Amino acid sequence: MDKLVLVDTHANPDTQRDSLAPDISVYAPDNVPDADAKTDFSKMELFVEFKFAEISDPFHDPLQARAESFRFENDSEVSQLNRGQLCSYTAAHAGSQFRVHTFTLSICGRFARFIRWDRSGATVTQSFDYIKEPHTLASFFWRYAHLNQSQRGYDASVSPASPEDLQQIQHVEHRLRKDNPAHREFRIIMVPDRDDPKVETPFIISFPPKYTARSPFGRATRPMLAFSMETREVVFLKDYWRADVDGMMKEGKIYALLESKGVPNIAPFGKGNDVRHHATLTHTLRNENWACWSRDMVPLSQYRMSLDVVALLLTSFKSSREFVSAIADAMTGKTSFADSDLNTNLSLPQHTNMPISTLMSFIVTSVQITS
């Protein structure tokens, strides 16, 4: 690809994403929305936001590198509003696609900055005068146009569904569509195995995903229905970014622990593990010589899992008996786990670095009325 299409979208909000509208939306030439929906975060490559005044710049540059007491964020009211606007647009962009990172261009007056976002933070360039240095701006778009999909930040584990794939879901297609009001097409998403993440199982999901996370940072949990191409059944699938630090046990291992203790009334775990090579990068850059001082950041890894059941919200109970029964099931699982801990003299904080109360709540949240 050697082209990008820049569209003026400042007056055309995306009605599926809180009616947000960047000034300029950038699209691949084969993925431009129709004239009635110029702004579509689910198709967008990146966006450009303009402000007439230079004082609107969300950031200001230090006079020297590694200025440890220097605060990079500009705290004026207009700058905070602009920074919040950029965060909102980025959240809608990353939340409407499957991405590992995204890029943004912020222009205030005659000065511009490039921003790279991932789920642990944002890396911001020094501002430059794009009137005096137009080649910098042109070079960025030329280079971006020649990046492959992974380099642009797209999740390579998600791909278009073929006509042959779609034939397999004819009997459940309506159910998958109904679960997602933003549905436009179906895609294949790969879910790694709990024991060997190199082994992956394909699932069919509705795309674009539901816009659920209003922040560009953090876990960004996406719950969705998915069709397992292995079992040929509709299951629950969850995709999120987990803290990848010592002492934080993967969700699949927690389920394995509960299963090994014979805890009843927990959801049956299907597949799940870290998505290979999908990890945040921002935290690795904070100590570079060119970086301003920033607080410690938690590295995140993308985690994806399925449960071999589809649950309903507890608030959807049809009778008080059904509601009380669900709570009783949860309490049974909770009591069973506590008893097994006493009987085996297993110290959970020592073996898993996770408080017992956390595991107890995990059981409660795993037990819901199932359909």
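Predicted model: local features only at pLDDT ≥ 70, side-chain atom pairs only at ≥ 80, totals over all residues.

Reader: What should helix H1 span, and how far apart are its end C-alpha atoms?

Author: Helices (H or I, at least four residues) and strands (E, at least two) are DSSP runs, numbered from the N terminus. The expected span of a helix is 1.5 Å times one less than its number of residues. Helix H1 (residues 77-95) has 19 residues and should therefore span 27 Å; its end C-alpha atoms are 27 Å apart, in agreement.

Reader: Which residues of H1 are buried, and what covers them?

Author: Buried means under 20% relative accessible area, exposed over 50%, and partly exposed in between (1.4 Å probe, protein chains only). The buried residues of H1 include Ser79, Asn82, Arg83, Leu86 and Tyr89. Their cover includes strand S3 (46-51), strand S4 (102-108), strand S5 (111-118) and strand S11 (222-228), where contact means heavy atoms within 4.5 Å.

Reader: Where does the side chain of Arg222 reach backbone oxygens?

Author: A polar contact is a pair of N or O atoms within 3.5 Å; within protein, one must be able to donate a hydrogen and the other to accept it, and residues adjacent in sequence count only if both atoms are side-chain atoms. Arg222 is found in strand S11, and its relative accessibility of 8% is why it counts as buried. Its side chain reaches the backbone oxygen of Gly95 at 3.1 Å and that of Gln97 at 2.6 Å. Leaving aside neighbours within four places in sequence, the residues in contact with Arg222 include Ala94, Phe98, Pro209 and Leu237.

Reader: Is Thr282 buried or exposed, and which side chain does a polar contact join to it?

Author: Thr282 is buried, because its relative accessible area is 5%. Thr282 lies in the loop between strand S13 (269-279) and strand S14 (300-307). A polar contact of 2.8 Å joins its side chain to that of Asp118, and the backbone oxygen of Gly121 lies 3.3 Å from a polar atom of the Thr282 side chain. Not counting residues up to four places away in sequence, Thr282 also touches others, including Arg116, Ala122 and Met297.

Reader: How many salt bridges does a search of the whole structure find?

Author: Side chains of opposite charge can pair when their charged atoms come close. A salt bridge is a side-chain nitrogen of Lys or Arg within 4 Å of a carboxyl oxygen of Asp or Glu. The search finds 27 salt bridges. In one of them, the side chains of Arg83 and Asp75 meet at 3.8 Å, N to O. Arg83 is buried because its relative accessible area is 17%, whereas Asp75 counts as partly exposed at 41%.

Reader: Which salt bridge partner does Asp179 have?

Author: Asp179 forms a salt bridge with Lys210, the closest N and O atoms being 3.3 Å apart. This pair links distant parts of the chain, 31 residues apart: Asp179 is in helix H5 (residues 173-179), and Lys210 is in the loop between S10 and S11.

Reader: Where do salt bridges share partners?

Author: The side chains of Glu185 and Arg187 meet in a salt bridge of 3.2 Å, N to O. Salt bridges that share partners join Asp14, Arg17, Asp40, Arg184, Glu185 and Arg187 into one network.

Reader: Which residues form a nonpolar patch on the surface?

Author: Patches are made of residues with over 30% relative accessible area and no salt bridge; like charges are joined within 9 Å, and nonpolar side chains (Val, Leu, Ile, Met, Phe, Trp, Tyr) within 5 Å. Accessible areas come from the Shrake-Rupley method with a 1.4 Å probe, and for residues only the protein chains shown count as cover. Phe317, Phe323, Val324, Ile327 and Met331 form the patch, with about 420 Å² of accessible area together. Met331 is found in helix H7 (residues 320-344) and is partly exposed, with a relative accessible area of 42%.

Note on methods
Residues numbered from 1 in each chain as written. Heavy atoms only, no water.
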